[in-house]
Amino acid sequence: MAVINFARREIITKIVYYGAPKAGTTSNVRKLYEGMDGRPQGALLPFGPTDEVEQSLFFEVIPDGLELPGFSLRLRLISLTGFDSDGGAVVPRLFPDSGV
């Protein structure tokens, strides 16, 4: 899902890696972060409940070579593991504009 901020001339796109515990969501985001050496990016930040096995992660990157006339592009990569205590998916509640 993309959010367009016309005032700041910015397009923000969220890419959410979502899956069951131990499905590789956190590993995928961590590997992508490590592969971004030299590109403008934010820090790899944990968020949400801490678990010994899984930890949700987030970082932003400004991709090189992708330009839209008059707009800057920003990607937000997020890992999100599992279900909440009610058994429901957490993505729609945490990211209501995610298109899920």
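1. Salt bridges first. A salt bridge here is a side-chain nitrogen of Lys or Arg within 4 Å of a carboxyl oxygen of Asp or Glu. By that rule the structure holds four salt bridges.

2. A word on what you're looking at. This is a predicted model, where local features need pLDDT of at least 70 and side-chain atom pairs count only at pLDDT 80 or more, while totals for chains, interfaces and linings use all residues. Residues are numbered from 1 along each chain as its sequence is written, and side-chain values use heavy atoms, with hydrogens and water left out.

3. The overall layout. The protein chain has two helices and five strands; both kinds of element are DSSP runs numbered from the N terminus, with helices being H or I of at least four residues and strands being E of at least two. Reading from the N terminus, the order is β-β-α-β-β-β-α.

4. The sheet. Five strands make an open sheet in the order β1-β2-β5-β4-β3, and the pairing is mixed. Two strands count as paired if DSSP finds at least two bridges between them. At the edges sit β1 (2–5) and β3 (45–47), each of which pairs on one side only. From one strand to the next, the twist averages 20°. Angles run from 0 to 180 degrees between N-to-C directions, and axes are lines fitted to C-alpha atoms, for helices over the stretch in contact.

5. Strands β3 and β4 (residues 56–61) run antiparallel and are joined by three bridges. If you want a landmark there, P46 has L57 in β4 as its bridge partner. Helix α1 (residues 25–34) packs on the sheet and touches β2, β4 and β5 (72–81), its direction making about 145° with that of β5. Contact means heavy atoms within 4.5 Å.

6. Whole-chain numbers. Of the 100 residues in the protein chain, 31% are buried. The cut-offs are: buried under 20% relative accessible area, exposed over 50%, partly exposed in between (1.4 Å probe, protein chains only). The chain exposes about 6,400 Å², and carbon and sulfur atoms supply 57% of that; accessible areas come from the Shrake-Rupley method with a 1.4 Å probe, and for residues only the protein chains shown count as cover. Among contacts between residues at least 6 apart in sequence, 50% join residues at least 24 apart.

7. Have a look at E10. This residue is in strand β2 (residues 10–19) and is buried, with a relative accessible area of 4%. Not counting residues up to four places away in sequence, E10 touches V3, I4, N5, F71, S72 and R74.

8. Which residues meet E10 in salt bridges? One is R8, at 4.0 Å from N to O. R8 is exposed, with a relative accessible area of 57%, whereas E10 is buried. The other is R74, where the closest N and O atoms are 3.1 Å apart. E10 lies in strand β2 and R74 in strand β5, so this pair ties together parts that are 64 residues apart in sequence. R74 itself is partly exposed, at 21% relative accessible area.

9. Now E60 and R76. Their salt bridge brings the closest N and O atoms to 2.5 Å apart. The pair links distant parts of the chain, with E60 in strand β4 and R76 in strand β5, 16 residues apart. E60 is buried, with a relative accessible area of 18%, and R76 is partly exposed, at 24%. Salt bridges that share partners join R8, E10, E60, R74 and R76 into one network.

10. Last stop, S56 and L80. S56 is found in strand β4 and counts as buried at 11% relative accessibility. Leaving aside neighbours within four places in sequence, S56 is in contact with L45, P46, F47, S79, L80 and T81. L80 lies in strand β5 and also counts as buried, at 4% relative accessibility. How far apart are the C-alpha atoms of L80 and Q55? They are separated by 7.9 Å, although the two residues are 25 apart along the chain.
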